[in-house]
Amino acid sequence: MPVINSIAAMEPEMREWRRWLHRNPELQFDLPKTAGFVAGKLREFGVDEVHEGIATSGIVAIIAGRGEGPTIGLRADMDALPIKEASGVEHSSETEGKMHACGHDGHTTMLLGAAKYLAETRNFKGRVALIFQPAEEGGGGGDVMVQEGVMDRFEVEQVYGIHNAPNYAEGEFFTTPGPIMAAVDTFHIDITGKGGHGAMPHDTKDPVVAALGIGQAIQTIVSRNHYALDELVVSITQIHTGTADNIIPGGAYIEGTVRTFDPKVQDMVERRLKQIVEGQAASYDVTAACRYECGYPATVNDAEKAAFAARVAADVVGEGRVTANAPKEMGAEDFSYMLNVRPGAYLLLGAGTGPVLHHPEYDFNDSIAPLGASFFARMVETAQPL
Ligand SMILES: [Zn+2]
Ligand SMILES: [Zn+2]
């Protein structure tokens, strides 16, 4: 069974919604226009309940099917990024410095498309909870939605989410049993030395050389402390220090990101970072402190639900266009918090060639929106058939 016909017919309308959202990007939890637009559309479609203001600007809408049954959760993220858009498209951001560079405008549109179809047709039992969350791009809006009791309050039994994926084959679905996206942690290192004249280093305790030493030594966590067949990324992404060519500064700052799937690996990295920073600092006669912050946990699909989601996706786009055992990604996703409390699956939907996510020239590929909407709708009809 291919893309649902009435959803395919909705493509021009969905394109309009998506482009409106793209022109009006908002950040983090502060989504008054976006949430207003979504709630307005949901009411227009005749869903049964619209609950606003969850996690500040999140929305849960309920559509009741025909007859008793469980509640299935479908999730989309709504927030944009602090990037100056350079896509040059006609529907470019109208707010300088904010941009839908991750396609959450498209995700919101896909879930709205499914909502319209499901509210009209209701060919399922039980209920569907449409979860529109804020603050996926930092802020952990998914976590806050869970903390505010969304899963219990609406009795969600299982939950599904989709992310568009540039440079994956257009219109193909990818998922996998078990971990699919990594956990993301951050480390911060403050080095304190003693500044002075660049020509008289013997009178200083140079934090720049110490920072270089620490930066090099950190590379050995992956190469020397870690089992080669497990996944781990440790990247130093910022070093700040110094003001002039003839001044040795008094301090330096290093920051970076850690991506893992296994909590044991996470613990090892935290322990080794602290040991390396302390040991290196002592050897350079400076002091240094390392702060390790845990961010989003790994996104872990339920094996059975992932296999089920792959079958539903195959129903929509065809068997040959679904990869049910896709490789893991080192990116992170706060849908992980929902999957930590309910079984479900996260899927990538190929967007075809183009600029990558978070790039200033990125734009969501509107032609895949009906596929995502059809997947969501078919998921409900298949999981809770009449
Ligand atoms: Zn993103
Ligand atoms: Zn995203």
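The points below cover the model, its sheet and its metal site.

1. This is a predicted model, with local features needing pLDDT of at least 70 and side-chain atom pairs pLDDT 80 or more, while totals for chains, interfaces and linings use all residues. Residues are numbered from 1 along each chain, chains are lettered from A and ligands numbered from 1 as written, and side-chain values use heavy atoms, without hydrogens and water.

2. An open sheet of 8 strands runs β1-β2-β4-β3-β5-β16-β6-β15, with mixed pairing. Strands are DSSP E runs of at least two residues, helices H or I runs of at least four, both numbered from the N terminus; two strands pair if DSSP finds at least two bridges between them. At the edges, β1 (49-54) and β15 (322-323) each pair on one side only.

3. Strands β3 (71-77) and β5 (156-166) run parallel, joined by 5 bridges. R75 stands opposite G161 in β5.

4. Donors here are N, O and S atoms within 2.8 Å of the metal (3.2 Å for Na, K and Ca); water is not among the atoms, so sites may look incomplete.

5. C102 also coordinates the zinc ion (ligand 2), which is 3.2 Å from the zinc ion (ligand 1). C102 sits in the loop between β3 and α4 (104-121) and E137 in the loop between β4 (127-133) and α5 (141-147), so the pair ties together parts 35 residues apart in sequence.
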